[in-house]
Protein chains: 2
Amino acid sequence: MSKIPPQAKRVFQGVIFDVYQWEQEMFDGSKSTFEKLRRSNTVEVIPIVGDKILIQEQEQPEKKSFISLPGGRADEGEQPQETGKRELLEETGYGSEDWELWEQLEPYNKIDWTIYWYIARDCKKVQEPQLDAGEKITTKLITFDELVALSDDKNFYGGELAMKLLRLRLEPEKLEVFRKKLCI
Amino acid sequence: MSKIPPQAKRVFQGVIFDVYQWEQEMFDGSKSTFEKLRRSNTVEVIPIVGDKILIQEQEQPEKKSFISLPGGRADEGEQPQETGKRELLEETGYGSEDWELWEQLEPYNKIDWTIYWYIARDCKKVQEPQLDAGEKITTKLITFDELVALSDDKNFYGGELAMKLLRLRLEPEKLEVFRKKLCI
């Protein structure tokens, strides 16, 4: 739905967003300039450590502190699972040999952008985190019920995941399938 | 949270999105270029006609047909309630003398953009719809329960409203408060 048509031209290249425009034929045959954006895909990781889920509390310049899953933007040419592995390692120092794509979503019609959610089971600490100059991150282990309850937490940065968790709360059988997928 | 700092410069002006950039000091004192977007605020209207809610089925060029509330983008300098009145009239031909702001939300951290939801009670048909060349709209009256059920409908274009409805479904007392607010 949020794909940019092949005839679109890139009219601006930013540090996060590129802008594309094209002449769109309307229902009456007239033409109008349409516009969509493209940004790097992003990946969020649900890392399982023992019987807990690792989340992070994070500060970034020009933002209130927030709670999130580890994750971030894909580098040029990087596949989603690689992004997940790299971000988990950089942000938390943890690694996993057991990755599974859980869900993916294009959240916004006017942006060519996909969010991928990966489950990373049986995570082990393999190095110290390597944060960049725009990140202050502390990690925390929470239970499955606490993860689900994040869907009500105003400091949780992950509206799309919150929506998925709200839907699961309305369907306890599917919530149980999700819990089993995490192996906890 | 999605406000653009005053020192930001507009580096691109599009038909929907304007791009702003600024030099942001990082935690270690280094600088990095940060980027945010601005777009016109949007308004969605919950129009009450008798004991039903008016929704629309819409086609637009380059989009699958979808279900939505009446609404649209604010014109330059237009206040949210004016946008709601204008869009309701243009898209459906209905008007109301009883408007109330129900909720507002900035859905996306990297875009300076607010969505406003208005309740328009006791709507009456006052003219024929005046659609532009990029709209094909038919209207439909639905019950309160059908409105709430739209939160599960994949063709419903309104992820943020769907999220609010999901939360209400988890809290029946608040759902009842919402129903009473609609006077149905």
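Where is A:Cys183 found in chain A? A:Cys183 lies in the segment that follows helix H4 (172-181) of chain A. Helices (H or I, at least four residues) and strands (E, at least two) are DSSP runs, numbered from the N terminus. The structure is a predicted model, in which local features need pLDDT of at least 70, side-chain atom pairs count only at pLDDT 80 or more, and totals for chains, interfaces and linings use all residues. Residues are numbered from 1 along each chain as its sequence is written, chains are lettered from A and ligands numbered from 1 in the order in which they are written, and side-chain values use heavy atoms, with hydrogens and water left out.

A:Cys183 is not a glycine, yet its phi is positive, at about 60 degrees. A:Cys183 is exposed, with 55% relative accessibility. Buried means under 20% relative accessible area, exposed over 50%, and partly exposed in between (1.4 Å probe, protein chains only).

In chain B, B:Cys183 is found in the segment after helix H4 (172-181). B:Cys183 has a positive phi of about 60 degrees, although it is not a glycine. The relative accessibility of B:Cys183 is 58%, which counts as exposed. B:Cys123, by contrast, is buried, at 4% relative accessibility.

A search of the whole structure returned zero disulfides over all chains. A disulfide is a pair of cysteine sulfur atoms within 2.5 Å. For B:Cys123, the closest cysteine sulfur belongs to B:Cys183 and is 12 Å away, so the two are too far apart for a bond. From B:Cys183, the closest cysteine sulfur is that of B:Cys123, again at 12 Å and too far for a bond.
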